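Dear colleague,

I am passing on the structure below for you to look over. My notes on the fold follow it.

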Amino acid sequence: MEEKLKKAIAKCNDKNNTISLSQLKKIYSFTNENIKGYIDFFPLKDKSLLTVGSSCDEAINANFNSASNITIMDTCPFTKEYFYLKKAALEIFTRQEFLDYFCSFNNAGNTFSLEKYQQLQRYLETLDKASYNFWNELYKRFPGSLIKDKLFRHDEEDRATIEKINLYLQSDEAYLKERENIRNFTPTIISKSINEPLSQKFDNIFLSNTSIHMQTKQMVDTYLEKIAHNLNYNGKILIRYIYHCKDDKKLDIEKFFYSYFDDLVYDFDNELIPSVDEEMSDGIITYQKKK
């Protein structure tokens, strides 16, 4: 039995929550960032992408926009298994069935239901046998609601928001478009922290809000490493996603903390985008690497 499956079983058996599975290593059911709000700032068509995100939504939305050669690098050990589960569901379920299966908010009795899993399990096996074995073994032992509770983060957005911030979930037409796209989509998935070195170069890099989990120097060293060694010339990096910006002041304050970047900081671009909270804005800080 794979080590990650042993870890997942142990966590699901952990009635008193004595086993620590940090927030960084739990699965995001869906993104909680407005990917639709920032994705068009990046030229993705036929371009490569390095991204974080155990929900795989960054990768799926980039695939929706015709990116190529997508790599997901995340500390969550279950990202690969979750990607194949989502891919199988996208190809088997209608959009509403997909949302019924994965959404938790006001959805008691439907989330991760065994009945729904059984509808996709045979197709999942054809996609990736290891992922099929992982979910099969968990469903043999535990109710779907318990699996979702133990292995996934609980800070999930409501269903309407999830539809709004993901390109592929905004309409039945968009969903069917991604159903076609995802059939030929297999990202590279690396179960490591984004601050670890990587040899490949990419046209785009999405770092989400990973900086909030790092000390400032580690954060800046990680960004400098990714810009110097992993970003192609003319490539673009999402340095930071920032929640709840009333205006540009919060973005300017955030940039001040990047003084380690020296002259690079003056080349950063920042944009306000629609927030998940309709009364606020969110913001992104980006950098484009010039020759």
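**Strands and sheet**

Strand S4 (residues 202-206) and strand S5 (residues 231-245) run parallel and are joined by four bridges, and within this pairing Phe-206 has Leu-238 of S5 as its bridge partner. Please keep in mind that this is a predicted model, in which local features need pLDDT of at least 70 and side-chain atom pairs count only at pLDDT 80 or more, while totals for chains, interfaces and linings use all residues. Residues are numbered from 1 along each chain as its sequence is written, and side-chain values use heavy atoms, with hydrogens and water left out.

The two strands belong to an open sheet of seven strands with mixed pairing, in the order S3-S2-S1-S4-S5-S7-S6, where strands pair if DSSP finds at least two bridges between them. At its edges lie strand S3 (188-190) and strand S6 (269-274), each of which pairs on one side only.

Helix H11 (residues 216-230) packs on the sheet, where it touches strand S1 (49-51), S4, S5 and strand S7 (281-288), contact meaning heavy atoms within 4.5 Å.

**The chain as a whole**

The protein chain has 12 helices and seven strands, these being DSSP runs (helices H or I, at least four residues; strands E, at least two) numbered from the N terminus. Of its 291 residues, 54% count as buried, that is, under 20% relative accessible area with a 1.4 Å probe, protein chains only. Among contacts with a separation of 6 or more, 72% are between residues 24 or more positions apart. Along its principal axes the C-alpha trace spans about 55 × 45 × 40 Å.

Methods: Axes are lines fitted to C-alpha atoms, for helices over the stretch in contact, and angles run from 0 to 180 degrees between N-to-C directions. Buried means under 20% relative accessible area, exposed over 50%, partly exposed in between (1.4 Å probe, protein chains only).
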